[in-house]
Protein chains: 2
Amino acid sequence: MLKLPGLIDPHVHVREPGQTHKEDWDTATQAALAGGITMILAMPNTKPPIFDASTLELAFAAAKQKARCDYAQFIGAGPDNAAMAASLADKAAGLKMYLDSTFGELRLDDMALWMPHFEKYPKDFPIVLHSESRTMAAGILFAAIYDRPVHIAHISLKEEVLLIKAARERGIKVTCEVCPHHLFLSKEDIPAISHGHPGRSEVRPRLATKEDVDALWENMDVIDCFATDHAPHTLEEKDSDNPPPGFPGLETILPLLLTAVSESRLAIPDLIEKMYTNPRKIFNLPEPGETWIEVDENAEYEIKTANQFTRCGWTPFEGWKVKGKVRKVVLRGTTAFENGKILVEQGYGKDIRSLKGDL
Amino acid sequence: MLKLPGLIDPHVHVREPGQTHKEDWDTATQAALAGGITMILAMPNTKPPIFDASTLELAFAAAKQKARCDYAQFIGAGPDNAAMAASLADKAAGLKMYLDSTFGELRLDDMALWMPHFEKYPKDFPIVLHSESRTMAAGILFAAIYDRPVHIAHISLKEEVLLIKAARERGIKVTCEVCPHHLFLSKEDIPAISHGHPGRSEVRPRLATKEDVDALWENMDVIDCFATDHAPHTLEEKDSDNPPPGFPGLETILPLLLTAVSESRLAIPDLIEKMYTNPRKIFNLPEPGETWIEVDENAEYEIKTANQFTRCGWTPFEGWKVKGKVRKVVLRGTTAFENGKILVEQGYGKDIRSLKGDL
């Protein structure tokens with residue numbers, strides 16, 4: 001039995017407020033605990049998006065009532081909320097800027113709209129960018145110009161990891177995360193994931209080439225965090241004519257990574273660094289007392305939708321044989337998950353930004 | 001009569017080798033002289049593109065035989081010629097990297113392909129980027145990472161000029177040029193230019209909004225150079241089903257800018273700075289001895305295709321009333337143009353990179 005720190009997922013779409021048929025603060029945090037994750041950072045592109053004090057309160061109200069693991073809530077950067085967002089920085093996980101592939105209120109097409117956010121958001125709280133390829137490079141230039149840290153969400157390309165490496169060597173304050181689906185899947189896997197429904201493989205950033213996947217593994221030292229980008233949609237939605245992009249991931253990240261450990265493609269200290277130590281540093285997260293998870297690293301089994309807590313009802317990794325199972329999760333002195341059962345109530349989870357000091 | 005230095009155009013598509021039905025080294029350099037320009041820097045996306053020693057020789061052979069004004073020839077960055085291009089740096093105007101809107105051999109889609117060029121091209125010769133919007137930001141990040149100057153071709157957007165300003169304030173070595181068509185035309189002018197042929201308004205970067213145009217004028221101090229991006233295509237091509245992007249510009253840049261001077265939108269010292277002093281600095285160009293132009297700043301007339309030397313046979317500024325006419329051009333002690341007539345022979349022009357010291 002392997003004991004690890006309670007893991008942190010800095011990139012989760014909880015879907016509440018607004019799309020609770022996909023997921024909510026209850027089911028998302030159950031899925032997190034079942035996946036060995038004791039703290040999630042929630043993305044702001046809900047309906048409505050979280051971009052000011054009143055929408056932030058909407059998310060907090062739902063989370064306070066329902067969350068079973070600890071959490072913080074990102075605030076979204078919009079075309080005209082820079083001062084507002086900055087004034088809420090100490091309540092938020094950080095500022096999320098959607099610079100690619102996003103529609104609606106949080107769209108920031110023009111780089112001139114990025115400037116007030118970089119000027120105003122406090123430097124001791126993170127700015128996280130959805131920014132792919134050249135847009136990512138543009139985001140890193142902003143980090144250089146405004147001399148402040150940025151964290152690049154879900155990198156997926158060889159050019160991205162190489163450029164982050166080069167920028168960091170030059171002293172630019174850039175960190176990054178990678179998702180399991182960009183480490184374990186490539187374009188070549190699309191037919192197998194799709195089961196005849198092309199929408200099931202839709203995700204942003206898209207699944208990349210085998211060369212890109214290999215470059216991520218070869219530059220594992222450049223990657224600061226693993227993050228799920230848990231983005232649940234129902235199977236009905238995924239199989240529709242207009243399939244939304246996104247995969248669930250909270251319950252599969254750790255078994256997939258532990259399987260890579262069993263194959264000597266990854267080491268346990270790397271896993272701890274990228275799922276606990278680094279996210280704590282980058283996102284300025286408190287130390288959770290009496291919090292750990294226990295994992296049977298020799299348990300072999302198949303990933304099955306039927307065993308999942310997420311509401312979305314599917315996983316792109318259905319049927320994958322993995323090695324490594326979460327047996328027990330202890331969160332702040334209480335056993336929150338054990339032998340497949342959630343043992344803490346709704347509302348047990350805490351908003352880590354509302355606390356002073358460590359948990 | 002106003003006396004100015006011989007002007008320098010750092011961005012000219014001569015079309016030779018390969019497309020001499022549009023233009024060649026003879027007609028392009030006649031158009032330059034008629035426009036008050038005594039030195040042109042020629043772009044490498046000819047047919048074939050100029051990207052190695054033998055293609056560079058093709059351009060030099062044509063230029064040596066035909067050019068009537070002075071010149072240098074850019075070498076193009078391709079996916080695998082970084083070492084070759086760098087080895088030819090002292091013969092070339094600089095390295096041109098096509099990072100947007102280009103097809104064929106000089107396409108560099110993947111940012112990983114940019115890296116060897118930035119690593120290898122000597123820092124005392126310029127790298128010029130065709131890079132719009134976020135790609136421009138990516139290019140400036142490369143300048144920061146590799147700590148070397150880049151020159152951004154034909155900026156057209158508010159976000160571009162603002163970001164260049166911010167990057168420069170941060171100490172990043174970036175310069176830029178703007179074209180007359182982005183200063184004097186916006187999207188709103190497309191119907192008037194088109195004369196029923198939408199292809200006539202096609203240009204890359206595209207004509208922008210009035211707000212973008214205004215931002216360029218308001219940030220005139222950020223703009224280092226005026227450049228024509230003289231990109232001649234025949235009217236037949238422009239009016240075809242697949243119109244190529246590009247405008248001629250060598251013969252209209254100075255009258256348009258002098259008209260702006262007459263309207264107090266620009267000052268003569270700015271014009272000299274951006275068409276002589278700055279290009280000399282940025283591109284490391286020699287001082288031409290006994291070279292000047294004489295301009296009648298009070299001459300009012302209409303721009304007319306019939307009066308042009310370019311082979312392409314049209315101008316987007318047809319019928320524009322302008323104030324300011326080139327009367328005489330003296331190049332290295334010889335009157336090269338006077339009262340509408342070219343007075344130097346083919347071959348009078350010199351490759352300025354082949355000379356040691358000043359002309």
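# Close-up views of a predicted two-chain model

**View 1. A salt bridge links Arg134(B) to Asp100(A).** The side chains of Arg134(B) and Asp100(A) come together in a salt bridge, with 3.6 Å from N to O. Please keep in mind throughout that this is a predicted model.

**View 2. Asp147(B) reaches across to Arg170(A).** Here is another salt bridge, in which the closest N and O atoms of Asp147(B) and Arg170(A) are 3.8 Å apart. This pair crosses between chains: Asp147(B) sits in the loop between α5 (134-146) and β8 (150-152) of chain B, and Arg170(A) in the loop between α6 (158-169) and β9 (174-178) of chain A. The distance meets the salt-bridge criterion because a side-chain nitrogen of Arg within 4 Å of a carboxyl oxygen of Asp qualifies.

**View 3. The contact between chain A and chain B.** Chain A brings 27 residues to the contact, and chain B brings 27 residues as well. About 2,300 Å² is buried between chain A and chain B, and carbon and sulfur atoms give 68% of that area. Which residues of chain A lose the most area to chain B? They are Met111(A), Arg134(A) and Leu141(A), which together make up 32% of what that side buries.

**View 4. Chain A laid on chain B.** The same surface serves both copies, since 100% of the contact residues of chain A recur in chain B.

**View 5. Helices α11 and α12 of chain A.** Helix α11 (residues 253-262) of chain A packs against helix α12 (residues 268-283) of chain A at an angle of about 150 degrees, and their axes are 10 Å apart. α11(A) is therefore roughly antiparallel to α12(A). From α11(A), the residues Ile253(A), Leu254(A), Leu257(A), Leu258(A) and Val261(A) meet Ile268(A), Leu271(A) and Met275(A) of α12(A). Sorted by class, this contact of α11(A) with α12(A) has eight nonpolar residues, no polar and no charged ones.

**View 6. Helices α11 and α12 of chain B.** In chain B, helix α11 (residues 253-262) and helix α12 (residues 268-283) pack with their axes 10 Å apart, at an angle of about 150 degrees. This makes α11(B) roughly antiparallel to α12(B). Look for Ile268(B), Leu271(B) and Met275(B) in α12(B), which are met by Ile253(B), Leu254(B), Leu257(B), Leu258(B) and Val261(B) in α11(B). The contact of α11(B) with α12(B) has eight nonpolar, no polar and no charged residues.

**View 7. Two cis peptide bonds in chain B.** Lys47(B) and Pro48(B) are joined by a cis peptide bond, with omega about 0 degrees. Pro48(B) belongs to the loop between β3 (37-42) and α2 (53-66) of chain B. Another cis bond runs from Arg204(B) to Pro205(B), where omega is near -10 degrees. You will find Pro205(B) in the loop between α8 (190-194) and α9 (210-218) of chain B.

**View 8. A positive phi at Asp147(A).** Most residues other than glycine have a negative phi. Asp147(A) is not a glycine, yet its phi is positive, at about 50 degrees. Where does Asp147(A) lie in chain A? Its place is the loop between α5 (134-146) and β8 (150-152) of chain A.

Terms used: Residues numbered from 1 in each chain as written. Chains lettered and ligands numbered in written order. Predicted model: local features only at pLDDT ≥ 70, side-chain atom pairs only at ≥ 80, totals over all residues. Heavy atoms only, no water. Contact = heavy atoms within 4.5 Å. Axes fitted to C-alpha atoms, helices over the stretch in contact; angles between N-to-C directions. Helix = DSSP H or I, 4+ residues; strand = E, 2+ residues; numbered from the N terminus. Parallel < 35°, antiparallel > 145°, perpendicular 65-115°, else oblique. Nonpolar A, V, L, I, M, F, W, Y, C, P; charged D, E, K, R; others polar. Buried area = accessible area lost by both parts, 1.4 Å probe.
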